[in-house]
Structure formats: C-alpha cells, structure tokens
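Student: Hi! Could you walk me through this one?
Tutor: Happy to, let's have a look together.

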Amino acid sequence: MLILTCPSCGVTGEETEFHAGGEAHIKRFGPGSDDDQFHSYLFAKENPKGVHFERWRHNNGCGKWFHAARDTMTLEVFGTYPAQTLEPPKQIRDKITAKHPGWKWREFS
Amino acid sequence: MSTRLATGGRLLETGRAVNFTFNGKRLTGYEGDTLASALLANDQMLVGRSFKYHRPRGIVASGGEEPNALVGLGTGARFEPNQRATTTELFDGLTATSQNHWPSLEFDVGAVNSKLGRFLTAGFYYKTFISPRPFWKHIYEPIIRQSAGLGKAPKDRDEDKYEHFYAFVDVVIIGGGVAGLQAARAAGQAGAKVLLMEQTAHWGGRAPVDGGSVNGQPVDKFVDEIVSELETMDNVTLRTRMMGAGVYDHGYVLGYERVNDHQPDAPGPRHRLWRIRAGQIVTATGAIERPLSFAGNDIPGVMLASAVRDYAVNYGVSIGDRTVVVTNNDDAYLTAITLKNMGLDVPVILDARAGGGGALADQARDLGIRVENGKGIAKVLGGKRVSGVAVCAQAGEGAVVEEIECDAVAMSGGWSPVVHLWSHCGGKLIWDDAQAHFRPDVDKAPTGAQGEAFVAVAGTANGHLDLAAVLADADAVGKAAAKATGFNPKRKAAPVAEATQAAPVEAIWLMPQGAGINLRMKSWLDYQNDVKVSDVQLAAREGFESVEHAKRYTTLGMATDQGKLSNINGLAILSDALNQPIPQTGTTTFRPPYTPISLSAIAGQARGEIFQPIRKTPMHSWHQENGAHFEPVGQWRRPYCYLQSGESTKTAVHREITQTRNSLALLDASTLGKIIVKGPDAGKFLDMLYTNMMSTLKPGKCRYGLMCSENGFLMDDGVVARIDDDTFLCHTTTGGAESIHGHMEEWLQTEWWDWKVYTANVTEQYAQIAVVGPNARKVLEKLTQDDISADALAFMSFADITLAGIKARAYRISFSGELSYEIAVSASEGRALWDKLLEAGAEFDVTTYGTEGLHVMRAEKGFIMIGDETDGTVIPQDLNMQWAISKKKDDYLGKRAQERSHMTDPTRWKLVGLETTDGSVLPEGAYATAPGTNANGQRNTQGRVTSTYHSPTLGKGIAMALVLNGPDRMGETLEFPKVDGTVVTAKIVDPIFYDKDGEKQNV
C-alpha cells in the first residue's frame, strides 16, 4: 500500500485515501480529430516497467487531482505535483534523471 | 508409542491438568501444552488423512509449518476447520475433530486411492476427466467432491468479536527468537519506537531447546533477561501470539494477533488485525527444517528432528522409545543426544554424508550412540505407525543392508531460512551453496517511497545457523534499523555466544541417491497435497519446466501450508530433472499471509449493521413506521413499496400506482442527486457535460439532459434547473450523485482548470418530495398563498414558494406522466412538510409510493432508467434520444466517440416497447431469438429486454427492449425463450404506453 503526499493540501496519506486515475499528461482529442488520434487518446496508454507519470485524486481528503511521478518497479515516488500543468516540473525530472540517467517517457525525458 | 515422560516439559505446568476431546474421546493434557503435544502425550499419533490418497498421517512438525495435523476446532458458532494442532494452545474444554476421512479416522474407505497411486499422478485430474463429457457432471465431479477437500465450512455465524488496530512505529521486528530480541534491544536502546512480535506464546524461539551459552550463561537465562529489559523500555512494545502476516508497499505490515484463541471465554476480541506503518521492518523469522525424501517418509512416526527435540524438551513428550535419526547435517545430532540424555533409545544415526558430522557427532558417539556415515533410509516399514527402517547406502539404489526396529524416525534435510516476509514485497534471494538454502540477498531489499531499503533481515533468517553469528548479526541489524529511522545507536557490544564447530551440510534431495521408481513413488514432498518425488519428475518430463507451471500442475506447495516443508525439496528435484542448477529454477512467488489468518480478523468490526454506512432520508422513520419494504439503492435505503395489512408487495405496488394515477400520491425523492454548478463559465461547462444545450436555458426553467462518458456511452440523466445567470442545479440519479460530482470535478480540475466554475454536491442538504397525481395542484394550493396555477408555474419550470409556512422550491417536472411537482425544502424540514402534505392530502385519499411504483409508471411512459436501458454500452442514439442531442454544439463529452463507425452502425439495436401477446410479464434480460446459429452453435439473437413490468394501468405485461431495426418493425412479433423451455411472444410497439401526447402532465 503506497504512501503519497497530496500537493494540494499537503497531507501524506495511505493509498486508500487516494484514487488512481490512469496516465497523466494526456492531450484530449475531440470532434475534428481523426480515428488514430482519438483511438490513441482514449485507449493507447503507457504501461511501463519503471518511470511512470500517473493521475491521482485525493478523493477521501481534499478532493483535488494531482500527478505522481513514480517507479512502477521499485515503488519509489519521485514526487507529486498539481494536475494543472501540461508537463512534469523540472525539479522532478531532474530527480528522476539522478536515479535513471537517460530515462524517457512519451515525449518527456 | 508416543508418551509423556516423567521429566522434562519446559513449557508445562504439570500441576494443572487440562481436559479436552479428540473425535469425542476424552483426553487430558497440561497447561502449556499445544494440542499436538497433548495428542502425542496420549499416543494419538494418527491425526488425519491425506488429501488425495487418504493415507494415514501423523504430526510432522512442532510449529506453523505443520502440513498434516489439521483439525476442526470448537462446535456450533465457534467451529473452525483446518486449524493446526501444533499452533493451537490447549485449554480446558477444547474440542477437536480430525478431517478428510470417511467413515472414521482409523478406517477410511478413501484409502483405496492409495492403491491407485500409479494412476493418480501429476495432472491426473486434467488427463483423466476430459472425456467422455457427460461423465464429468454425473460421475467424476460427485466422486471427487466426496473424496477431496479438507475441513468442512462452518455453518453458523461466527459469534466472536474481532477488531483492527492501527500502529505507527519506527521499527517493526517480526520474530521473537534471540535474533528478534537482540535486534529490538539494539534499536530500542537507540530510542526508536519498536514493535516486536512473536507468533508463539513464548520468547526465545528455538534457542532454549537447542541450548548454548551467551555471555557465559545458559541461553534461556539470556532470553529471560533480555525480555525483562525490553519490558522496562517505554519505547518498545512486545506482543506474543502475534504473527507478521504480510509485508506490503512502503513499510506496511499486517500483524495477526490471536488474542483469545487460548482462552475463548475471556473478555475482548478473539483476533486482532494490526495495520502497521513502519520506517524499517526487520524479519527475524528463523528457519524451518526440511524433511528428507525417502520412501515412506509420510508414515506416522516420521517427524522432523527438530520437532522430536521440541516435543521432548518443551513438553516432555517422547515420540517413541526407539528413534532412528536420519540426517544430512549436524543439527539432528542434537536430537539424538537430547533423547539419549532423557533415557530413550537411539538405535542408530544415519548420516547420509560420507564424511559424517563434526563435534556433535563425536559427542553422540561418546554417549554410545551408533553412527553410520554414508547411510540412509531405503524405506520406512509400517502402515499407520513406523515399525522400523530399512537401511541402505546413500550412494546406491536402495539395496537393503539392514533392517532396524524402531517406532519413530527423526529426519533432517537441512534448514531453510523463512524468507517469506522478506520476499512479499519484492526482496530478492540468493542460493547459498555451502548451506544448501535460499537466503535473502541483503543488497536487494524491497524499496520504499524514497527508494530506500525498508526491510532488513536478522539472524537465522539471514542464513546464520550458529548462535554466535546470529547474535552479532541481529545486533548490527537492530542498530542499522534505528539509524535508518533517524536515531543514534549506542556503542554497546553485541552479546557473545560460544561458537560451535559443525561439519558442513550436504545437499541430499533424494534418499538413496539412485532410488528407483517404486521408492520415488512413496517419497513424499508435499504431505498435505500428496505430491511425491515421482510427480515432480513426471511434470518435468511432460514439459512443465517453469517452477510456477510445475507447481500448478502437480499442486506442490498449493495447500494451506503453502509448501513450507516441500517447496525447496520440490524445486531441487525439478532442477535435477531438468539438469540445471537450483538458482536457475528459482522459487515460486511468496505471497501473504505467512500462515492462514481468519477471515473474521480481516473483516474486523465491519459486520452486520456497520458493514457499511446506511444513508437515510429525513423521512426514513416515517417510512419505517408505515410498512415500508426497503430496498438498497447505493448506500441509501429506499421504500420499494409500503405494505398495508394483508398486502403482498405486488398488490401494494398495484394499489400505489392506481392511486397515483387516479388522485394523489407522495414519493420521497430526497435521494436524487443535487449538484450546484456556479460561476461565469457554468453554462459553457454544462454544454460540455450534457449532450444537449444548457447555456440557453432561461432562469426559472428546467431542462432534461443526458450525460455521456468520453467513450460516448450514456452514464447519467436528470433535470437541470437554472437558478440564475450564474447558477445551475443539476439533478442526477440516486446512485450517480457522488460519481457525477467526481466526473465534473475531474474535468474542471484536469482539463478546463482555467474555467470559472464551482461545483457543490448538495444532495443531503435538501429533502425532496414528489407530489403526484391529478389532484397535486389542489393539495399544494391548500398549503400556499403563492400562485402555482398552470400559467404561473408551467410545466418544466420552477418557483420559490412558501408551503405550509416552509420555504420551498417547487419544480414542475414529472417522471410519472401525471401532473407533478417536486418540492425541495431544507433537509431539516422535510419530515414536517411530508406530514403536512399527508394531512392536507387526506381528503384526496393521498397515498405514498415507492421505487417500484416509480419504475412501473416511468416505463408506462416510456422514460428510460439509467442502469436498466443503459449498461455502459448504450448510447443516446440507441434510445432514439436524438432530440436530446444538440446539433448546434461543436463539442460535448462523448460527441467524438459517437462519430466512430461502430456507434453510427445502422444495425445497432434500438429502443422499442413490447407487449406480450398473452399479457404475461417477460423475464428480465430475456433475449429475442433470430433464425440460425452463431459460430459457437448458439441461437442468433436480435434483441433483449431492458425493463419489464406488469402494468396495472394497462392490465398487462409491458416491456422496453433494444431490438435490431426495432423502430422500423412496429407490429412485428418476436420470440423470447424462457429458462423453463417455453417461449413468450411479444409485439413490437411504441415504448410510450400511456398518455402519448403528454396531456396529463401538462395541465
């Protein structure tokens, strides 16, 4: 059972206090997009062994969504940050680089 | 025979006799006994029958690893199957029964399976019961069900109490042997908050039995002193009878405390589940002795050498008068020496090592014990009890050189560290060739949230088999754990124990080395699941080379003991068969719990009424007092109908509907979800959420809307009211309030976070009462001065009024097809208004109706219900609801998805109404058949029933259904086969059965 820190209210809590919400930093494709774009947006999700970026909601707490950068193998949490962003903050990316030089996740590295 | 000795029994209080029964026989033991030791003291060696062959089985071990001695404990509401006799403390009045035999333990018909052993090999079930097909149901399955299986499930509700505990500590130490005790002292002295748990009732683990000296005094003295010292430390919590059940992510540990198993009538809970968060976890879990694989190693009287020693020293019980010891390591010599010193006979020690043992071997010889090096057991003689052993050379094929009479065999195949808890969360293992076991790879520990190692291992569990090394290791690990959690360990030296000189263990996986098939077929690996050496070899030959496959094919290690005795032996045999080194084969996955824990402990207090919270509306008590027949709707309890004297639910629903349509009725609609959406961008936001246009709604007006997921599927519906320019109130379904609010927040927070919108779920702030029927307006007019005439308060609008002196909001909306108002008031005034409405409605013969009446009336009107007409695969277009989908909007959630080819496929099943030709009610979920069959030989289908009711208004069965090309096939007849083989025919009709033009609701 993971321990996460909500960047919105600052509470560090048990996994049961949160709810996982799938892959982070997904760009929405709506009407006007082609089938491939839409399919990719809705269904093609990352499932890495290692560095991953996820959406979480502090649903039994402040109710806010946030993002978590973590390692799916070692369960290390590199950091959590508010959901209102289009990319992981530099500080967290640097922290990942220190542990996993040359890491890559979708368009981020 | 096994018996109680005149002396010995370290753990016994021989002054206090304890009475118990086994299979109805009255027996006596002592306070301090386990059930196993007391049974052995009464010469009850035979305790059960094996799973597959029903072979007689006796006690093999003295702890949690015991595979055979599983019994049913207690009676009635306290009955519990599959309890290990070795971990059951004896108490006065204990009732135990043996399992898996018929008609009796002594004489078991199923033992005939043993004669069929040649045919009951690995994969037997898969191979044998394939064909002929009809045999499975009528012959194979009933017989297997009768003969397989262990204990029977309890019939009565568990009457004991259970609870959960939460604990937060710096260091958790699992295992209260000398390693755990010393690690706790080292960490505790540094100031860390320490929790030390021990699964048995006693501290010290094996050390007091095995002996030795620490700091110049006997080890049991050392244990007493260290426990006394720990007890005085405020930062150290000590718990016996508590097992570390599992280690999970980020330092989470489950502890299973058997508080009152040994004193069932004492106050307090029976079990306690500890949910622990720890900075560091130290597993000081010791090691388990392995059996040796020789023919007949399952005959009652063959026991682990350490267990023979335990029963002698701890409980003063001898397993037999003449005990043959067979071993591949020095430790078993301790058993021989102990027995000899107690005056018992040890005819021979068979040491499979050609070079024999070390210092202990010399000691044994000095005591006059015959020691044979390079020898092993060809087979054990005896049936329900050992009568002797046939001796052979370990290096040969089993030619018998001598037969030796004996009534017990003490075997030792070496020691395997208990690595389960280390491995639960990903700790890796390494194979230690010198000691012939897997032990934790301390450089590859499970990692926590910061990437730090959070599990450490100490003592024997870490591969240290010598007391001196154990204490030095435990001291270092305890100090390191304290340091890792931010404390400064004291510079105190570790206790010093006398080192022993042992000859190295030799890996002996089969005895004798060249045993033929007849011997291998009687050499048991897994006692509980009846897996033999020959089964694992057969699995390897048949291609089950992965250890995980071989496990499942042979069922090795899949019993309730999870292969604690058998796994290493089994994978060694597998490695040998595959001609590869053991580390290449690897182990199967270790999963929690370490030994089985009670389901009741997992449930804790969450049983019965407090299993989950129950939500009640402000009018709940009125419903209870007036015959409500409740049904759960999410966590709510809603009246299904109200039963008057002599009524069935069916007649009550009939009456409620007729009364509503004829005059006046009330419905408690408080559970309906109510979400405020407010802000300058609220309209824009709702345009994205709903398929229809909400931003054009005028204040004071209501509009029905549909909500789809981004996948395009219909997920919720409800009436939206615009309170003012900035504010909307969205009604959701009862079950959808929380999830729809979450859905709104998700999009607001993660996609449109710059939009100025605020949402609030106000579901429980309001009580809502639907006032329904031709007399609805009349009854409201009696209670208000405000103008609620058809012109002032038109259909699909709302007004703030004062009703019976209560501030209220009246929405003129209808889910029944009748003239209808939904009145929302503060939750605190809901009951008062309900009472006033009933009082004022008396002259109209007012009734109340429940959810079933609501459902039938909406179906009569052809209104859809989320969860009936929708199931997560239905889009609004399937329900002919294009009228509720805006064509003017560029975008809404689900719009792009609804453009996908499958969504626009003209052959998607569409909503229609159905009328049965014989007036009966169609079964729920019934399928309409079509000509021909599909690829699987099943009948083709062309539609399915989504809602089906008896309509009291129309006097016949009506239904809604999704049907292929349905709307174009009005008047056609479909066939619906029922489970009983009969067929109902139904005509396709318009889904609106009642008041097609809506004249009744719009008056």
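Student: Let's start with helices. Which residues of α14(B) and α15(B) meet?
Tutor: From α14(B), B:Asp535, B:Val536, B:Ala539 and B:Ala540 meet B:Ala550, B:Tyr553 and B:Thr554 of α15(B). Contact here means that the C-beta atoms, placed from the backbone, lie within 7 Å. Helices are DSSP runs of H or I with at least four residues, strands are runs of E with at least two, and both are numbered from the N terminus.

Student: And where do these coordinates come from?
Tutor: This is a predicted model, in which local features need pLDDT of at least 70 and side-chain atom pairs count only at pLDDT 80 or more, while totals for chains, interfaces and linings use all residues. Residues are numbered from 1 along each chain as its sequence is written, and chains are lettered from A and ligands numbered from 1 in the order in which they are written.

Student: Back to the pair. At what angle do the axes of α14(B) and α15(B) cross?
Tutor: They cross at roughly 125° and come within 10 Å. Axes are lines fitted to C-alpha atoms, for helices over the stretch in contact, and angles run from 0 to 180 degrees between N-to-C directions. That angle makes α14(B) oblique to α15(B); under 35 degrees counts as roughly parallel, over 145 as roughly antiparallel, 65 to 115 as roughly perpendicular and the rest as oblique.

Student: Nice. What about α14(B) and α16(B), how do their axes cross?
Tutor: Helix α14 (residues 533-541) of chain B and helix α16 (residues 567-578) of chain B cross at roughly 45°, with axes that come within 9 Å. These two are therefore oblique to each other.

Student: Which residues make that contact?
Tutor: On α14(B), B:Val533, B:Val536, B:Gln537 and B:Ala540; on α16(B), B:Gly570, B:Ile573, B:Leu574, B:Ala577 and B:Leu578. By class there are 7 nonpolar, 2 polar and no charged residues. Ala, Val, Leu, Ile, Met, Phe, Trp, Tyr, Cys and Pro count as nonpolar, Asp, Glu, Lys and Arg as charged, and the others, Gly among them, as polar.

Student: Switching topic: how many residues does each chain bring to the contact between A and B?
Tutor: Chain B gives 20 residues and chain A gives 21 residues. The largest share of chain B's side, 4 residues, comes from helix α22 (residues 737-750) of chain B. That side divides into 4 nonpolar, 7 polar and 9 charged residues.

Student: Last one: how many helices and strands are in chain B?
Tutor: Chain B has 25 helices and 51 strands. Its C-alpha trace spans about 115 × 70 × 55 Å along the principal axes.

Key: Contact = placed C-beta atoms within 7 Å.
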